[in-house]
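Please look over the sequence and the model shown here before reading the notes that follow them.

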Amino acid sequence: MSPTFRQMMSEVKSATTSVAAIYQRSLYATPFPVPPITVQEAILHQLNTAFTRADRLEAEANKALALIDRLETAILAKAFRGELVPQDPNDEPASVLLERIRARRAADPTAKRGRRPKLAS
């Protein structure tokens with residue numbers, strides 16, 4: 001896309017009314033400027049550095065994804081054990097609460113939950 005290259009290609013192209021072509025023999029005869037070897041080596045070094053960094057970032061991202069999966073599992077386990085927040089020692093255990101609810105339901109059989117009977121039409 002550089003102006004120099006576009007100028008070089010416009011000089012070697014063969015054009016008819018609707019088609020422009022650049023033939024291989026014209027390309028072989030056209031000089032292509034390339035940067036000096038020191039510049040090429042500097043570019044290569046920058047590319048290698050960038051690819052090394054990209055590889056390292058990809059590896060770190062993969063490790064992070066694996067840690068996230070383990071973290072989610074660990075958080076859920078702690079939540080079910082009640083270890084996410086400090087516990088009040090005055091709170092009654094869930095088993096005692098459930099037993100109290102069962103006893104209350106057994107004492108009052110009329111307060112059952114469930115579907116209501118259908119009304120007769």
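The report below moves from the helices to the aromatic rings, the surface and the charged side chains.

## How the model was read

This is a predicted model, in which local features need pLDDT of at least 70 and side-chain atom pairs count only at pLDDT 80 or more, while totals for chains, interfaces and linings use all residues. Residues are numbered from 1 along each chain as its sequence is written, and side-chain values use heavy atoms, with hydrogens and water left out.

## Two helices and their lengths

Helices and strands are taken from DSSP runs, numbered from the N terminus, with a helix being a run of H or I of at least four residues and a strand a run of E of at least two. The expected span of a helix is 1.5 Å times one less than its number of residues. Helix α3 has 45 residues and should span 66 Å on this basis, and its end C-alpha atoms, which are 65 Å apart, agree with that value. Just after α3 comes G82, which takes a positive phi of about 75 degrees.

Helix α4, with 14 residues, reaches 20 Å from its first C-alpha to its last, close to the 20 Å expected. A residue is called buried when its relative accessible area is under 20%, exposed when it is over 50%, and partly exposed in between, using a 1.4 Å probe and protein chains only. The number of buried residues in α4 is 0, so this helix lies largely in the open.

Within α3 lies T49, which is partly exposed with a relative accessible area of 40%. The C-alpha atoms of T49 and K63 are separated by 21 Å, although the two residues are 14 apart along the chain.

## Aromatic rings

Rings of Phe, Tyr and Trp (its six-membered ring) are paired if their centres lie within 6.5 Å, and the pair is stacked if the planes are under 30 degrees apart, edge-to-face if over 60, and tilted otherwise. The structure holds 1 aromatic pair, formed by F5 and F32, whose tilted rings are 5.9 Å apart centre to centre with 35 degrees between the planes. Because F5 lies in helix α1 (residues 3-12) and F32 in the loop between α2 (24-29) and α3 (37-81), the pair ties together parts that are 27 residues apart in sequence.

A ring is also involved where the charged end of R25 sits over Y23, 5.4 Å from the ring centre; this requires NZ of Lys or CZ of Arg within 6 Å of the ring centre and within 35 degrees of the ring normal.

## A nonpolar patch

Together with I22 and L27, they form a nonpolar patch on the surface with about 320 Å² of accessible area. Patches are made of residues with over 30% relative accessible area and no salt bridge, with like charges joined within 9 Å and nonpolar side chains (Val, Leu, Ile, Met, Phe, Trp, Tyr) within 5 Å, and the areas come from the Shrake-Rupley method with a 1.4 Å probe, where only the protein chains shown count as cover for residues. I22 is found in the loop between β2 (20-21) and α2, and is partly exposed at 40%.

## Salt bridges

A salt bridge is a side-chain nitrogen of Lys or Arg within 4 Å of a carboxyl oxygen of Asp or Glu, and the whole structure has 4 of them. E83 is partly exposed at 40%, as is K78 at 36%, whereas R81 is exposed at 52%.

Another of the salt bridges joins R102 and E99 at 3.7 Å, N to O. Both residues lie in helix α4 (residues 94-107), 3 residues apart, about one turn of the helix.
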